[in-house]
Structure formats: C-alpha cells, structure tokens
Amino acid sequence: MSRILGPDGQPMTMPDLQEPQTSRLLHLQNEMQSHPTRGLTPSRLARILDAAEQGDLIAQFELFEDMEEKDGHIAAEMGKRRRACVLEWDVVPADGASAAEKKTAEQLGELMCEIPDFEDVVFDLTDAIGKGYVCLEIEWHRLEGYWVPKTITHRPQTWFTLHRGYRQELRLRTMENVDGAPGAPLQPFGWITHVHKAKSGYLERSALFRQLVWTYLFKNYSVGDLAEFLELVGVLRLGKYPPNASEKEKATLLRALSAIGHNASGIIPEGMLIDFHDVAPGDPKAFALMIDWCEKNQSKVILGGTLTSGADGASSTNALGNVHNEVRKDLRDGDVRQANATLTRDLVYAIAAINGLAPGGMRRAPRMRLNAEEREDLAAFATSLPPLVQMGLRPPQAWVHEKLGIPVAQGNEPVLMAQGQPPLPVLHPVGTAATTSQVPGAAVPVPMPPYLQMQPQLAASAAPVVAGWIDQVRELVQRAQSLAEIRDGLDALLPGMGLQQYAAAMAEALRAAELAGRYEVLQEAANANP
C-alpha cells in the first residue's frame, strides 16, 4: 500500500477508506440510552460526576443530553453560541504561498464544496462546546478521480472512552481491549475529532456542561416546588372520618381529598366529611427568584453575560448590553479559532493527503478558515479612509475589498461607477492607431480623448530608453537612505546630463501637463455650455 504523511508529519500507511470504522460495531448502533435526569437527586448527581472522573463517561454524557433536551434556557443559549460559528468559509493557502500552493488551495476549496450540507457539519462540530469533545465519522467515496467525503456523521459521545497515557486518547468503545488499552484507536483520516477547551484539565472534567449540572438540578427542584405550590395555594382540604372507621375507609377518604385537589370532584362514604379552610396565601416569588438566578448563572457560563439573553428593566442598559455582546463575540472568536484548527487537521489535510495534494505535509498544507471577521461600517469606512490616503497611507485594494466584503470584478464583468464619471477605457496595445475604446458592457465604442490617444505613441517612443531607466531608478530608490543619496544616484546614472538638460526635460514635461490641463478645462466648459 502507498504511504503518506499523517497530520503529525510521520509517514503512515494509506488507510482503508472503503468502510467506516463503526459499520460493524452493532453493539454501539443498537445501544439504547438511559435518562439519568429522571429522579435525579444531589447524591446521584455526585455519583455520576465521580464515575466520569474514574473513566465511566456514559452516564455523564447521557445526563448532558437530557439537560440540553429538557431545559429550554440551556438549549436556547447553547443554540446561540453554536450557530454563531456557522459562518462563510474558504480554504486559504499557507503564509508566503507559492503559485502552486495557491492553486492547490483553490482545488481543495472546490473539493470541499462537494461535501453535502457542510454547514450542518460545522454545527455538529460545535457540539463539543458543551460536552468537551465530539467525533464525526467520515465516509469516503471517489468523485471524478478524487477521494472526497460522502457523508460526515455525528456519533454520540457515549460511543467513546478515554485512555490515559502520556496524553489522553479518545478511543472507540469496543468489546475487547486493543494494544493493551480499553477500546480501539480511531482510524486515521476516518474521523473529525474536535476537543473544545472550555477550561484546562482532564478531558472528562473540562466540559462546559459540568458547570451547569448543579444549576440545572436546583432549577428543576424549584420548578417542581412552584408547580406544587400553585396547585395547593389558598385552600386547605381537611377530611373527617368517624372514630370507628377502618383503614380501608380512611384510605378512601384520603384518595377523595387528592381527587378533589386535582379534579375538583370526588366521592366519599356516608358519614365522612370534607371541610375547606382558607389559609393565608403564600408568595411564589421565592421560587421565581431561584429559577431566575439559575438561568442567569447559565447565561453567564454559556455566553459570558446576561444582557444578551434578556432584560430585567432595572440594570439593563444599551451600553451594558453592548459590553456583554462584545464578550459573546470574544467567545465566538475563540470557538471559531479552535474549529478552524480541527477542520484543517482532520478534514482539509485529510483530503489533501489522500489525493496527493500535500507534498509538504501539514506545515505547508492549506488551511480552513471560518470567517468570523465582521464587515466594516461602509459609511464610516468611506468617510475615514480618504483622509488617511491623502496623508500618505497606501492600503492595498485587496485589503479594502476584504474589509468591506465587496468582491473584485472578474474579467469584463460590469461594474458600478459614479454618476457622470466617464467610464474607464480599455486601451489598445501599443502601436495600434485606434481612437476608440470598448468599455465592458457598453453597446458602442467610447471615443478616446486626445491625451489618451497620445499614450500608445508616447509609450512606444519612450520604451527603449525608459525601460532601462525605470529598473535602475527603482533599485536606487529602494537602496537609498536619504533624498540627497537619491539625487547623487541620479547624477551617477546619467553623468553626461547637466543641470540645464535636466531643467529642459522638466520644462517639457510641465508644458505637456499644462496642455493636458487646458484640454480638460475646455472640455468642462463645453459640457457646461452645450
């Protein structure tokens, strides 16, 4: 079998891509999940967390699933944070890339577009934000001679176990041990394994949801207590039975009291009585206060603040809301940075290495970029940039296009221009006698003004002399440390040219500029007075 470089830079045997690793692990596919939140108590919760620290992760991750499913506030806040990472993406070459590396990046970007529902893959990847890690299994197929992912499937965290060696290793949970450790190693290029660092430490303790389990439990208790309080508040039901009543009759009366509480109706044996007594109404604010505290704590843990989730009308202001939103952006940028690293290592490089597009290994391979950079305010940018350019700032046009999110026109693609501004002509090659230019998108040729008609002739006449000057002058300016050095260097380039000759050449250039200026003034006057 052929050998390729793995993500660690070491040679490895080309893996078998035809069959996913879990295709024959029926014990995992048929495994039914339990629901630890049913009847959850503080002591049981502590046992689940302790078991996870000892290596039994199943109950902890089933607890996390229940929390996200049953607690609407946790689901909403996690949805905000996870969907903030589903962004526009592209594949970019390494820094200082050669022309071949740039072409490879473009080719990998095209192959990535063949992955179905890639945005859903990114969303599945963010499942690691709350649970610590996520493993997405890749199924490959050949498409026009290239290996590309056919499907990328999210696998439950309960399918995996942790092996503590020199480094913690995620392994697939199997019926037997492999290489003296529990589970089987994950097949190279068969998985996207994303480990999210919400906090430092061992992986089984680094999940964000571990910080939410206690507030989930306290809130669950408070919601149950509030429901019971609202059911019983205001009325006390008291049953009376005769002294000679049997235990069976007493049980019947008790069931009747319960039925009246739930159904507002019931039956009791003759001789028994039910009295209703008004009691002082209680205050449900204590339960609501506890629920509110739990939800605010959850918002702080997930989004870094509370004012992006809801306003209380007291401490919420627009300024504080903007501050909390900036904190949320910091969290998003951190999530995107970690996701980019994982997708580069386990997906982009995998496609490149398998198809022979990464001869330089991981170090020079193209990178995945989820673009979290926000577009600049167009009005503010247009106002502030021109004065900076006038002061001498020279930003590249590509940088401006990137900041504003405006694509660069390709080929003869029509472009917008200022109203009344003459379209920029496409000049004919040097040496032609054309006096018109074809503007992209124009129906008829646009007449070329005289100063533009002169350019081809001037360029053809000056080319033999100017070509050598330009290279020498450019080199001189780049090497010079002062204006005086440039002056002396110019004199050295043309030692036979005196000051009078320099003055004559400058005078001729100024006369040409003056004539061009007069022509433009006459044209403006003609347009103003047709």
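The side chain of Arg171 makes a polar contact with the side chain of Glu169 at 3.3 Å (a polar contact is a pair of N or O atoms within 3.5 Å; within protein, one must be able to donate a hydrogen and the other to accept it, and residues adjacent in sequence count only if both atoms are side-chain atoms). This is a predicted model, where local features need pLDDT of at least 70, side-chain atom pairs count only at pLDDT 80 or more, and totals for chains, interfaces and linings use all residues. Residues are numbered from 1 along each chain as its sequence is written, and side-chain values use heavy atoms, with hydrogens and water left out.

**Around Arg171**
- Arg171 sits in strand β7 (residues 168–172); helices (H or I, at least four residues) and strands (E, at least two) are DSSP runs, numbered from the N terminus.
- With a relative accessible area of 3%, Arg171 is buried (buried means under 20% relative accessible area, exposed over 50%, partly exposed in between, using a 1.4 Å probe and protein chains only).
- The Arg171 side chain also reaches the backbone oxygen of Gly183, at 2.9 Å.
- Leaving aside residues up to four places away in sequence, Arg171 has contacts (heavy atoms within 4.5 Å) with residues including Trp159, Phe160, His163, Asp179 and Leu186.

**The nonpolar core**
- The largest nonpolar core has 74 residues, and Met112, Phe118, Phe160 and Leu347 touch the most other members; such a core is a set of buried Ala, Val, Leu, Ile, Met, Phe, Trp, Tyr and Cys residues joined through side-chain atoms within 4.5 Å.
- Beyond four places in sequence, Phe160 touches Leu57, Tyr133, Arg171 and Trp191, among others.

**Lys150**
- Lys150 belongs to strand β5 (residues 146–155) and is partly exposed, at 42% relative accessible area.
- Ile138 is twelve residues away along the chain, yet its C-alpha atom is 7.5 Å from that of Lys150.

**Helix α13**
- Val400, Lys403 and Leu404 are buried in helix α13 (residues 397–404).
- These residues lie on the same side of α13, because they cover an arc of only 85° around the axis, taking the directions from the helix axis to the C-beta atoms.
- The buried residues of α13 pack against α12 (378–390).

**Cysteines**
- Searching the whole structure turns up zero disulfides, a disulfide being a pair of cysteine sulfur atoms within 2.5 Å.
- Cys85 is buried at 1% relative accessible area, whereas Cys113 is exposed at 56%.
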